[in-house]
Amino acid sequence: MKRVKGDEDCSSSSEGPTESCKKARKLQPNLCEFGFDWALLPQEILLNIFQFLPLLDRAYASQVCRGWNQAFHMPELWRCFEFELNQPASSYLKATHPDLIKQIIKRHSNHLQYVSFKVDSSMESAEAACDILSQLVNCSLKTLGLISTARPSFMELPKSHFISALTVVFVNSKSLSSLKIDDTPVDDQSLKVLVANNSDTLRMLKMSSCPHVSPAGILCVADQCHGLRELALNYHLLSDELLLALSSEKHVHLEHLRIDVVSENPGQHFHTIKKSSWDAMVRHSPKFNLVMYFFLYEDEFGPFFKEEVPITHLYFGRSVSKDVLGRVGLHCPRLVELVVCANGLRPLDEELIRIAKRCTQLSAIGLGECEVSCSAFVEFVKMCGRRLSQLSIMEEVLIPDHKYNLDEIHWEVSKHLGRVWFPDMMPTW
Amino acid sequence: HIFLPCLSTRAYPGPAEMVGNTIHWFRKGLRLHDNLSLKESIRGADTLRCVYILDPWFAGSSNVGISRWRFLLQCLEDLDASLRKLNSRLFVIRGQPTDVFPRLFQEWQTSQLSYEYDSEPFGKERDAAIQKLASEAGVEVTVKVSHTLYNLDKIIELNGGQSPLTYKRFQALISHMDAVESPAETITAEVMRKCATPISDDHDDKFGVPSLEELGFETEGLATAVWPGGETEALTRLERHLERKAWVANFERPRMNANSLLASPTGLSPYLRFGCLSCRLFYFKLTDLYRKVKKNSSPPLSLYGQLLWREFFYTTATNNPRFDKMDGNPVCVQIPWDRNPEALAKWAEGRTGFPWIDAIMTQLRQEGWIHHLARHAVACFLTRGDLWISWEEGMKVFEELLLDADWSVNAGSWMWLSCSSFFQQFFHCYCPVGFGRRTDPNGDYIRRYLPVLKAFPAKYIYDPWNAPESVQKAAKCVIGMHYPKPMVHHAEASRLNIQRMTQIYQQLSCYRGLGLLATVPANPNNGGNGVGTTPEEIQHEAVAQAGKDPLHPPLFLGCPYHSKTCIFPKSRVKGQIHFFFTKVNLSFNLHVICPSHLHRD
C-alpha cells in the first residue's frame, strides 16, 4: 500500500493518524486491500465535509495530518467569514480570537468574499472592526455587513476614522454587490467613493439610520448604480427625485424598498411624497415590495396615507389612531402584511373590516394592544379566509360579545382559516 | 459563624426501636391544610417535630431582599402559632440541611422523615443528598407532591419524555391527565393527639423563629407589610377572593384598569409561592364556585389560568438545571444582549425617566408585588423593548424583590417576556408611555409611587419631559433636575430592537421573506399543537438546512451560515485533487491553529 510521505511527519506521537489507520486496517481488511487511507480522502470530499463543520471542529481536524491541515486553509473555506467583536465588559457572547483574526488577514484576506462584522455596544469593538476593514486591501469583497448587535457602536467612533476604514473596502473591492451599513456614520462623500468603484455591481444597500447621509447623497447612488435592487433607508432620505431615479429606464427593476419612519421629537413635521412618484415606481417595477416601519406619535401621521401608496408590508411600532388605520384600508391596495403594536381605547372593528375588503392581497396580520370585538374579528377572518397565512392577536384584546366568547372564537376562526388557530397568550404571572 | 443550637442528648420518650419518631421538614408548603406528607408521617408516629432549616449567615448574603425574608418569617410565626394550638411547636434550626440532619437523626432517634416534593432541579439535588443521609441513618422518608396540581413527571411522560415547550401543548396534555387529586384534610388536634411533640423549656431560645435583625437586616423605617405572610392570612384571602368572584359572577380574565395595579386584599400569588395556600385547595374551591354559579356546567381551562401557567413553568423547568441561564440552556434563544450595569441600575432603582416604569419598580421595591401586566411592561422595557439588557439580570432583581418569584416561574416568565423561548410573536413591545396611559389615564398610580410628579397634569404625567417649562415649574418638578430625563429615545430604541429581534429569528427559522410575522419559527399558534422543538434543535436544523441548500441568496448578511452555501468551481477542485495525488508540497509550513485559541472566553 502506498502512503503519502507527508503523513510520516504527523505520526511522531503514538496516537497519530498512522496508528488509527493501522487499527482501521485491521478492522476492515477489505477496505485496506483497495488501498483505503483516511489521509488519501480526495480533497473534494474533504472540502465538502469541512464545509459542514463549524470552524472549531475544522481547526481540530486540521491537526490530524498535513493533508487535512492543507484542506483547512483552502480558499473555498474562507470565502465567507463572520467576525464577532465583543468585549467581556459589554457582551455575554464570545469573540473571534485575535490570533485567528491575524491569521485570516495574513493568509486568507484575498479569499474573503462575504464578510460580516457583528459588533457589541462598546467603542473598542467598533474600532477593532475598523482596524480589520482597513487591512482588507488585497481582497475583493462581494458582500459586507456591519452589524451592531446591541447599541449602535459605530456611531460613537470619530466619523473620519470610520469612513477611512470603510472606503478602503470600497476602493479595493471592485465588485461589491451587497452592503449593509445601518446605524453607521457613513456620509455622502463615502457613498461617492462607493459609486465610483462599485456602480456596476451594487445590488443591495441597507443604510437605515445613517444620519450623515443627505437626500442628495443617496440620489447619487440611485443615479449611478443601475443594478440596485434592494434599498433600505430612513424616511428623511426618501424624495420624489429618488423614486424617479430608481424608476428610470436604465435602472433594473427594484425588488425591495424599506423605509423607516422615526420621530425624533414629538410633533415633528414630515414631508410628503407625490402620488405620481409612487405611480412611476410601480410602473417601472410592478412587483416591488415597499416595506414601511413607523415609529411615530399619533399626531404625526398627517402626511401619510392620504393618497394611494404601494405599501406591501406595514409596521406600526407605536400607538396609531383608528383614523390612520381607516386610511390604510382606503389607500394601501397592495398591502400584504400589517402589524399594529397598539391603538387607542376604542375597538378597531370597522377599520379591520374595511382592510379585509380593500386589501385583497393581505395574507399576514399581527395585532398587539388593539381591542377588537370577537364578532368583528371573526368577520374579518371570514372575509380574508385561507389567504391569511399569519394571524396573530393577543387574547386579552379580544372583547367577547353577544355572538362569541373567547372559547368559541378559536373554533370559529380555525374553521375559516382551515387550520387550528389560537390567539396569542401571555403568562398570567 | 454558623451556630447550631445545642440539642438535648436525652432520648425522648423512650428506646428508639419501640417508637416512631417523626420529623416533618417544612420548606415550601408552609401550611397545615392539604399537607399530605405531614399527614402521612403523623400516622403511627409517637413523636412529631416540625422543623424549618435556615442559615442565618446565608440570609444576609443571599439575593433575597428584606420583604421576602419578612414574608417568610411571618409564615413561620403563623405556622408556629398554629402548631401551638395543636400542642406542638415549630423547630427553626439554624444551619445547612446536610449538616443538620445527621445530627437531628441521632439526637432525636428519628425513624421517619417527611417533606413535600420539590420539583426544581436544585431542590431535587438537595433532597437526593438528604435522602441518602436518611437511608444511612435508617430513617424512612415520605415524600408527597403537593406544591403543584399534578405530578410533573407524569405530564412529561405523557409528552413522550420531553417537557412541553408551548403553553398550548401543555394545555392539551393537561386535558389528558387524570383529575387533580383532592386536597388532604387539614391537620387537626384530633389527628395530632396520638403523637407528642417533645418541647424543652428553652424552645424559644433554641428553636424560635428568628427576627429580621438576627438575619442581619436593618429594620428601622421599614413600613408595615402590604402582604402579611402566613397560612391564616392566605385562607382569609382565599375566602375573600372567592366571595368577590361569586359577587361579580364573572370568570373571564379580569380586564385591567387603574385599580388592578394596586395590591389587592384578594391577591394570592405570594401565598401560592410559599405554599401558605395549597394550589389544589384553590383549584377545587374555584371549581365548586363555578359549578354553583354556572349551574353545574363544567369549568373551562381558562378558569385556572393563574394556576396552569405556574404549573407550565414548573414542568418546563424541572429537568433543566440551566433554566435560569441563557448560556447552555437548550430552550433559550441566544440573544446578544448588552451588558450595561449603569442602565440596569437605573431600571432596578426606578430612575429610567419614564414615570410608568419607575412607578412600577418603586411599587415592587416597596411592596414586593406588581400586577402581571406591570411585570410585562418593565420586563419588556429592560430587554427587547428598550434597554436590550439580558433577561437574566431582570430575573435576579425580581428574585430579590418579588414576593411570589419562584425559580421556575420567574425564569420562565422572563424568557417568555424577552422572547427568548416558547416562540411567541415578538412584534409587540409595550410602550413605556402609551401602555400606562391607556391603563390609568389620570395617572393616579404614578402620583402614588412617584410623589415628585404629584403636581403634574394628567396630560404630561407619562411623558413629563414633553411638558413646557412653565408646566414643569408650576408642578415644582423640573425634568432633568428633580426627576430624570428619559434614559432612552423609545422610538429609536424600538426601531433598533425590532430589527435585531427579526434578524435573530430569521436566523433561527431560516426565513428569507420580508414578512415580520413569519419569522417566528414553528409558531405554535399557527402551527397547531406540535410537540415543539427547542431553540437549540432549531438552530442545529438551521445549520443543516443551510448546508443543504446551495442557493441561499446572500441578501441577509446577518446569517452566519453563508459559509456552507458557497459553491466553488469544480475544475479548480479537480486540479487540486490531481495535485494532491501527485506530489506533496514539503515546504508547506505546518501552522496549526490551536482550537482553544479560536474563542476568547
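Modeller: Start with a pair of charged residues: the side chains of A:R327 and A:D323 meet in a salt bridge, with N to O at 3.0 Å. Keep in mind that this is a predicted model.

Colleague: Why is the contact of A:R327 and A:D323 called a salt bridge?

Modeller: The N to O distance between A:R327 and A:D323 is 3.0 Å, and the cut-off for a side-chain nitrogen of Arg and a carboxyl oxygen of Asp is within 4 Å. The pair therefore counts as a salt bridge. A:R327 and A:D323 are four residues apart in helix α14 of chain A, which separates them by about one helical turn.

Colleague: What does the salt bridge of A:K322 with A:E350 tie together?

Modeller: The closest N and O atoms of A:K322 and A:E350 are 3.7 Å apart. A:K322 lies in helix α14 and A:E350 in helix α15 of chain A, so the pair ties together parts that are 28 residues apart in sequence. A:K322 is buried, at 14% relative accessible area, while A:E350 is exposed, at 53%.

Colleague: How do you know that A:R334 has no salt bridge?

Modeller: The nearest side chain of opposite charge, A:E308, is 7.9 Å away, whereas a salt bridge needs a distance within 4 Å. A polar atom of its side chain lies 2.7 Å from the backbone oxygen of A:P310. A:R334 is found in the loop between α14 and β11 of chain A.

Colleague: Why is the pair of A:F301 and A:F304 called edge-to-face?

Modeller: The search of the whole structure finds 55 aromatic pairs over all chains. For A:F301 and A:F304 the planes stand at 70° and the ring centres are 6.5 Å apart, so the pair is edge-to-face; the label requires planes over 60 degrees apart. Both residues are buried, and they belong to one aromatic cluster that includes A:Y235 and A:F316.

Colleague: Which residues of helix α4 of chain A are buried, and how do you know that they line one face?

Modeller: The buried residues of α4 are A:Q43, A:L46, A:L47, A:F50 and A:Q51. Seen down the helix axis, they fall within an arc of 140°, so they line one face of α4.

Terms used
Residues numbered from 1 in each chain as written. Chains lettered and ligands numbered in written order. Predicted model: local features only at pLDDT ≥ 70, side-chain atom pairs only at ≥ 80, totals over all residues. Heavy atoms only, no water. Buried < 20%, exposed > 50% of the residue type's maximum accessible area, 1.4 Å probe, protein only. Helix = DSSP H or I, 4+ residues; strand = E, 2+ residues; numbered from the N terminus. Arc of directions from axis to C-beta. Lys, Arg positive; Asp, Glu negative; His and termini not counted. Polar contact = N/O pair within 3.5 Å; in protein donor to acceptor, adjacent residues only side chain to side chain. Phe/Tyr/Trp six-rings, centres within 6.5 Å; stacked < 30°, edge-to-face > 60°.
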